[in-house]
Amino acid sequence: MHDSATHFATPAQASRLTVRRLKIDLGQGFERHWHGGDAFKSQYYNALSMSFPVGEQSFIDSVKDALKLLPETPENACLGDTAARFIGQEATHRHVHALYNAQLEKQGLVNRWQHWAARRIAFGQARGLRPLHWLAITAAYEHCTAVFADGTLRHDDWLAGADPRMQLLWRWHAAEEIEHRAVAFDLYTALGGSHGWRVRWYLYALMVFTLDAGRQTVLNLWRDGTLFKPGTWWSAAGFFLGRQGSLWRCAGPLLGYLRRDFHPDRETHTAPDAQGQALAARWLADNAGSWRAVR
Ligand SMILES: [Fe+2]
Ligand SMILES: [Fe+2]
């Protein structure tokens, strides 16, 4: 799996990645339908949260393993530093989502997604999947996450009416996902990862993500007692397929990953101040009182 392309990690990008501690207290819990009283949206976001502790640990592991293969050259030093900060950010996300998920457990929800993911990871390990493949999987999921993160900061309506603490949590996570969206990709490129495998693993990740997110959301709604309420399905249809539905908003950026010249930070079709990195920087500056830099 070899290819060559210019990677975009620059010293400026490395210094921009900050590891932050979010000032949030979830100890008192939150409403079951914290997303403005909407069962579907609450349980869909809850499902995503359930995937993070195992998923993000796998991303961390794949980047750590890939870093061992990166030649120690002055050119790679910056990428190595950025990757270390990526690990710090993902570790913080895992921690906060574990607290979030502990509350979901108290509400009677059952996290099956973590077991599905763990089983797949164990299968890959047993088959001796090489580090560059793991990294391609991480880059793929990072792109899906970054597209969702971009929508979260770009479209206020995605979290309108939600518990302010949950808005803070999801937007903070979104901002950092945008900040570090190119790290796994750049590392993959620097290690000579091919376009063919990048695309194959991406299609795999899209399929697995859609399946897992769907079945975990259905399971959450079932335990919540709202699976068979018409309002639940009405909300789901509006969320994905409405005029401003997330499917229409995300389809283009999701498909963009298939292009040979794709790079996560290349958004030439958008004005600089409307690009994802600008949205993230603005949100982090506007909410500087809600987090503390730890690295
Ligand atoms: Fe994350
Ligand atoms: Fe990430």
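This is a predicted model: local features need pLDDT of at least 70, side-chain atom pairs count only at pLDDT 80 or more; totals for chains, interfaces and linings use all residues.
**Exercise 1. Helices H2 and H3**

Determine how H2 and H3 are oriented towards each other, and describe their crossing and their contact.

Solution. 
Step 1. Two packed helices are described by the angle between their axes and the distance between the axes.
Step 2. H2 covers residues 39-67 and H3 covers residues 74-106; their axes cross at roughly 155 degrees and come within 8 Å.
Step 3. Angles over 145 degrees count as roughly antiparallel. H2 and H3 are therefore roughly antiparallel to each other.
Step 4. The crossing in which H2 passes H3 is left-handed.
Step 5. Sorted by class, the contact of H2 with H3 contains 14 nonpolar, 7 polar and 4 charged residues.

**Exercise 2. Helices H2 and H5**

State the orientation of H2 to H5, and name the residues that make the contact.

Solution. 
Step 1. The axes of H2 and H5 lie 9 Å apart, and the helices pack at an angle of about 135 degrees.
Step 2. Roughly perpendicular ends at 115 degrees and roughly antiparallel requires an angle over 145, and the rest between these counts as oblique. H2 is therefore oblique to H5.
Step 3. H2 passes H5 in a crossing that is left-handed.
Step 4. From H2, the contact involves Gly55, Phe59, Ser62, Val63, Asp65 and Ala66. From H5, it involves Pro131, Trp134, Leu135, Ile137, Thr138, Tyr141 and Glu142.
Step 5. The classes represented in the contact of H2 with H5 are 8 nonpolar, 3 polar and 2 charged residues.

**Exercise 3. Helices H5 and H10**

Carry out the analysis for H5 and H10, giving the angle and the hand of the crossing.

Solution. 
Step 1. H5 (residues 131-154) and H10 (residues 246-256) have axes 10 Å apart and pack at an angle of about 130 degrees.
Step 2. H5 and H10 are therefore oblique to each other.
Step 3. The hand of the crossing of H5 and H10 is right-handed.
Step 4. H5 contributes Val147, Asp150 and Gly151 to the contact, while H10 contributes Ser246, Arg249, Cys250, Pro253 and Leu254.
Step 5. The contact of H5 with H10 holds 4 nonpolar, 2 polar and 2 charged residues.

**Exercise 4. The largest nonpolar core**

How many residues does the largest nonpolar core have, and which of them have the most contacts inside it?

Solution. 
Step 1. In soluble globular proteins, nonpolar side chains tend to be buried together.
Step 2. In this model the largest nonpolar core has 61 residues. Those with the most contacts inside it are Val63, Leu135, Ala136, Ala140, Ala184, Leu187 and Tyr188.
Step 3. Two or more residues of this core come from each of H2, H3, H4 (113-126), H5, H6 (164-179), H7 (183-190), H8 (195-224) and H11 (276-286).
Step 4. H5 supplies the largest share of this core, 14 residues.
Step 5. Ala140 also touches Trp201, Tyr202 and Ala205, when residues up to four places away in sequence are not counted.

Definitions and conventions
Residues are numbered from 1 along each chain as its sequence is written. Chains are lettered from A and ligands numbered from 1 in the order in which they are written. Axes are lines fitted to C-alpha atoms, for helices over the stretch in contact, and angles run from 0 to 180 degrees between N-to-C directions. Helices (H or I, at least four residues) and strands (E, at least two) are DSSP runs, numbered from the N terminus. Angles under 35 degrees count as roughly parallel, over 145 as roughly antiparallel, 65 to 115 as roughly perpendicular and the rest as oblique. A crossing is left-handed if the near helix is turned anticlockwise from the far one by less than a right angle, and right-handed if clockwise. Two residues are in contact if their C-beta atoms, placed from the backbone, lie within 7 Å. Ala, Val, Leu, Ile, Met, Phe, Trp, Tyr, Cys and Pro count as nonpolar, Asp, Glu, Lys and Arg as charged, and the others, Gly among them, as polar. A nonpolar core is a set of buried Ala, Val, Leu, Ile, Met, Phe, Trp, Tyr and Cys residues joined through C-beta atoms within 7 Å. A residue is buried if 20 or more other C-beta atoms lie within 10 Å of its own, exposed if 12 or fewer, and partly exposed in between; C-beta atoms are placed from the backbone.
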